[in-house]
Amino acid sequence: MSDTINTAAASVDRRELEERVKAMYREVAEAPAGEFHFEMGRPLAERLGYDPLGLDRIPAAAIASFAGVGHFHDLAAIQPGETILDLGSGSGMDSLLAALATGPGGQVLGLDMTEAQRGKAERLAREAGFEQVTFHAGYIESPPFADASVDVVISNGVINLSADKAKVFAEAARVLRPGGRLALADIVTETALPESVSCNATLWAACIGGALQQDAYRAAIEAAGLQIEVWREHPEYRFLTASAQAACATYGVKSISLLAIKH
């Protein structure tokens, strides 16, 4: 993460933001039944469009800590033998579902900065026999993988947490092979957020304060050399707390998923 919030002149303390995000997602991993600004777990996943049969094939504990904002696996169209990079892999639900699609001949690389999330994901993958899945410490702005080494980059509700989204998309494009796909779900806004929201580290950690205006979000993807093929909204996604709901109503905060291709 950088110190600059979106394109605003104001800034948030990088260390505070990172610690707030890590603390919240440590709780997501360790106490998924707790109270959060957002929904979690299997009921959310199924409402967003995840296949119940696929969910039945991965550890329930990974699903319990699912805090995604949309569904994109149909857009990713992962094929057997492909290499997948999951940016902000959390407790591993999307990584494990990707592993079902890519099979034992493929590879799934989960990347997350929160130790508790990685530890839970690693344990669950190992116990369930997903040998093609590995989880790595790091930041989505600087994935530690080689140029043109990945077929598909996926991410769910995480890029809004980054203070340098342009860097995230540029790095996604860097690691993708020509013709590779970026398939993700995230939070965007219809109207640019004011500094009172975008400088609030708690609202950033809740997937609201860092949300980018949707036209700027699309432009950042295209500036990285990726062509958006599909863009869809997820009205079935909702925030839980009054403060989060107020921000949604005022600024048009919403969930989207998309598919972009590296040409």
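Trainee: Which residue lies over the face of Trp231?
Mentor: Arg218, at 4.8 Å from the ring centre. A charge counts as over a ring if NZ of Lys or CZ of Arg is within 6 Å of the ring centre and within 35 degrees of the ring normal. Keep in mind this is a predicted model: local features need pLDDT of at least 70, side-chain atom pairs count only at pLDDT 80 or more, and totals for chains, interfaces and linings use all residues. Residues are numbered from 1 along each chain as its sequence is written, and side-chain values use heavy atoms, with hydrogens and water left out.

Trainee: OK. Which aromatic cluster is Trp231 part of?
Mentor: The one formed by Phe169, Tyr217 and Trp231. Rings of Phe, Tyr and Trp (its six-membered ring) pair if their centres lie within 6.5 Å; planes under 30 degrees apart are stacked, over 60 edge-to-face, the rest tilted.

Trainee: How far apart are the ring centres of Phe169 and Tyr217?
Mentor: 5.2 Å, with the planes at 80 degrees, so that pair is edge-to-face. For Tyr217 and Trp231 the centres are 6.3 Å apart and the planes at 75 degrees, so that pair is edge-to-face too.

Trainee: New topic: what does Met93 touch?
Mentor: Ala45, Tyr50, Leu55, Ile58, Ala62, Ile63 and Phe66, leaving out residues up to four places away in sequence. Contact means heavy atoms within 4.5 Å.
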